[in-house]
Amino acid sequence: MSERSVVRHCRSETGQTPARAVELTRVETARRQLADSMASIKRIAAQCGFGSKETLRRSFLRALSVTPQAY
């Protein structure tokens with residue numbers, strides 16, 4: 001399947017691009033870990049597939065309108 005077809009099918013099924021769906025899944029996983037764990041934000045970011053805690057912060061702001069620290 002071509003990249004274009006994957007994007008089109010994903011968007012029709014979920015309403016989101018594949019990249020956005022992955023980002024939201026990572027943010028949700030990080031949100032749960034922040035609530036249930038005493039791990040550092042840097043460690044949670046790495047465990048959830050974010051390249052850095054800054055990337056986690058930006059994604060968190062986009063998805064939840066709050067920083068991981070404030071959450």
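A residue counts as buried under 20% relative accessible area, as exposed over 50%, and as partly exposed in between, with a 1.4 Å probe and protein chains only. Keep that in mind as you open this predicted model, where local features need pLDDT of at least 70, side-chain atom pairs count only at pLDDT 80 or more, and totals for chains, interfaces and linings use all residues. Residues are numbered from 1 along each chain as its sequence is written, and side-chain values use heavy atoms, with hydrogens and water left out.

Start by selecting the whole protein chain. Of its 71 residues, 21% are buried. Its C-alpha trace spans about 40 × 20 × 20 Å along the principal axes.

Now switch to a cartoon view. You will find four helices and zero strands, in the order α-α-α-α from the N terminus; helices here are DSSP runs of H or I with at least four residues, and strands are runs of E with at least two.

Next, show contacts, meaning heavy atoms within 4.5 Å. Among those with a separation of 6 or more, 37% join residues 24 or more positions apart.

The accessible area is about 5,000 Å², and carbon and sulfur atoms contribute 51% of it; the areas come from the Shrake-Rupley method with a 1.4 Å probe.

Then select the charges: Lys and Arg as positive, Asp and Glu as negative, leaving out His and the chain ends. The mean positions of the 13 positive and 6 negative charges lie 5 Å apart, each charge being placed at NZ of Lys, CZ of Arg, CG of Asp or CD of Glu.

Last stop: Ser 2, in the segment before α1 (3–14). Ser 2 is partly exposed, at 41% relative accessible area.
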